[in-house]
Amino acid sequence: MPSPAITSWWALGVLYQIYPRSFQDADGDGVGDLKGIIARLPYLVDLGVDAIWLSPIFPSPMADFGYDIADYVGIDPLFGTMDDFDALVAAAHGAGLKLILDLVPNHTSDQHPWFIESRSSRDNPKRDWYLWRDPAPDGGPPNNWLSEFGGSGWQYDERTQQYHYHAFLAQQPDLNWRNPDVRAAVYQVMRFWLRKGVDGFRVDVIWHLIKDDQFRDNPPNPDFRPGMPPHAALHPVYSADRPETLQVVAEMRRVIDEFDARVLIGEIYLPIERLVAYYGEGLAGAQLPFNFALLSAPWHARTLAALIERYEAALPPGAWPNWVLGNHDRPRVASRVGPAQARVAAMLLLTLRGTPTMYYGDEIGMQQVPIAPDQVRDPFEKNVPGIGVGRDGCRTPMQWDATEHAGFSSAEPWLPLAADSAQENVANLNPDAQSILNLYRALIALRKRLPQLAHGDYAPLAADGDLLLYRRHDAEGSVLIALNLGAEPVSVVSETIGLDGEILLSTAMDRGGERVGSELSLRGHEGVIVGPAPDDVV
Ligand code: GLC
């Protein structure tokens, strides 16, 4: 009996993240914008994705590049106007694409009118909208909580002689989600965009929303080692993933459900067992708590097989899984696993059970771009330099063609282009039948064609040396996926797994239609999908 989720667009579709600053610049200021995205919608349709989610496009001082919002219901002029936004919604929907926005409810900008009021005096009606605390007896911060971007999580305010808490930059004060007025205000923001036709939200740091009501100190992390980001020195047990957060998630979901066919996605970096709690009691929480396990998993067959099984086993009954291969906070997949394995990673993402989320540029194999110290823009890297936390390298401009600024802009882009952008770009990869871009297209198309890939069950078969082997099956039939995570050839003997059919797709794009006999051989860094020949499919 298929779960009801399986008919939803967000369960069957492929999600594609756009970092708007870096996708396409239409107005020639070196920063991407909404008109640019509109111009590139045909590319996304052609790629075959079903929904795009945009990192924040709202008015912002850009201390954290839009994750510091000064107005939740506007558009930053850098990205365009509200008319441009309405045009984007219409164009996306007209092209059959869903549009998901980034909701950043944990914190605002310190320039948001709510915070300006809150900061103005201790008895301002909005004082309690943020987390203000008296200094510790020695005058220092109220407790030991750390900012994810380095240093204390507390910022002292001379005027009112209290500290405000900020999980990220001091310019990103955390809202007080225990205050019902804050909740109501953010739910109104959600309704504003949902009424405009937005298809859902990716909710920024959703597991951070509620903090300990007693503001207890976080315990030390015994596994902390030098070289790790400084905030990892503590276990954030009192500053994040508090049980009451799940009530807020359920409330957000109720707002989502006031509208038809919308989705609530949560950004959550937690171990699998905690992550799945965000589906909520009776699945009344987030439909898709983002599963980031692949972003940091060691690239070994056995490790991957184990984590897939752990995730599958942890899912509550009826919960729909999801997988994320890249985002604007983590190194590019092509650099994490290498360009050859980037193809195997694509096949993994698009053949696992669950909604796949791609990150712009991964489909052309974009690499992490080295950023010279004087080019650093990311506040995380600026605050905590030199240990590799910088996020600029995965946010560089999309590589469209071989022109001066890669077809991204007529001006110097806000971040440097990859050195290889004259070769590794959409215009070059398009006509190359075996390019990674065409592999992504073929994988997405196959996922649409074969119901087993879209919603069949997952059955692990083997994880042996560099070989990762699994099946996706339903009552109608089954598809086999064999991935070689290493550089040496491997082979699979048919008898052990009952191979039949033909190669539907190889990551090298050169074996389609090959009949599979008693043995299936894989070249180094090759993955294949074996299934019934298209003619056999009724
Ligand atoms: C999320 C965003 C990240 C941002 C942080 C603070 O993790 O993905 O880019 O810096 O929240 O808003």
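**Entry 1**

I began with the area buried between domain 1 and domain 2, which comes to about 1800 Å², with carbon and sulfur atoms giving 68% of it. I note here that I am working from a predicted model. The C-alpha centres of domain 1 and domain 2 lie 29 Å apart.

For the bounds I went to the domain assignment, which gives domain 1 as 4–106 + 180–440, domain 2 as 113–165 and domain 3 as 457–536. I also checked the UniProt record, an unreviewed entry, whose annotation "domain: Glycosyl hydrolase family 13 catalytic" covers residues 17–395. Over residues 17–395 I read 28% helix and 11% strand, and the end C-alpha atoms are 11 Å apart.

**Entry 2: the parallel sheet**

I then traced an open sheet of eight strands, paired in parallel, and wrote down the order as β9-β8-β7-β3-β2-β1-β11-β10. The edge positions belong to β9 (288–289) and β10 (322–324), and because each has a single partner strand, one side of each is left without a neighbour in the sheet. Within this order I followed the pair of β1 (residues 15–18) and β2 (residues 51–54), which run parallel and are joined by four bridges; Y16 stands opposite I52 in β2.

Next I asked myself which strands helix α7 lies across. Helix α7 (residues 245–257) lies across β3, β7 (200–203) and β8 (263–266), and its direction makes an angle of about 150° with β8. I noted helix α4 (residues 82–94) as well, which lies across β2 and β3 (98–103) and runs at about 140° to β3.

**Entry 3: the antiparallel sheet**

I turned to an open sheet of five strands with antiparallel pairing, in the order β12-β13-β14-β18-β16. Here β12 (457–464) and β16 (502–506) stand at the edges with a single partner strand each, so one side of each lacks a neighbour in the sheet. From one strand to the next I get an average twist of 20°.

I looked at two of the pairings in detail. β12 and β13 pair in the antiparallel sense over seven bridges, with R472 in β13 as the bridge partner of Y458. These two strands form a hairpin with two residues between them, and in the turn I found G465 with a positive phi of about 55°. For β14 (residues 477–484) and β18 (residues 527–531) I recorded antiparallel pairing over four bridges, and the bridge partner of A482 is V528 in β18.

I also recorded which helices lie across these strands. Helix α10 (residues 301–314) lies across β12 and β13 (467–474) and runs at about 155° to β12. Helix α12 (residues 339–351) lies across β13, β14, β16 and β18, running at about 155° to β14.

**Entry 4: salt bridges**

Lastly I took the salt bridges, and the count comes to 28. I picked out one of them, between D46 and R441, in which the closest N and O atoms are 3.1 Å apart.

Notes: Residues are numbered from 1 along each chain as its sequence is written. This is a predicted model: local features need pLDDT of at least 70, side-chain atom pairs count only at pLDDT 80 or more; totals for chains, interfaces and linings use all residues. Side-chain values use heavy atoms; hydrogens and water are left out. Two strands pair if DSSP finds at least two bridges between them. Axes are lines fitted to C-alpha atoms, for helices over the stretch in contact, and angles run from 0 to 180 degrees between N-to-C directions. Contact means heavy atoms within 4.5 Å. UniProt positions are given in the numbering used here, feature names are shortened, and annotations may be inferred rather than shown by experiment. Domain bounds come from an automatic or database domain assignment. Buried area is the accessible area (1.4 Å probe) that two parts lose on being put together, summed over both. A salt bridge is a side-chain nitrogen of Lys or Arg within 4 Å of a carboxyl oxygen of Asp or Glu.
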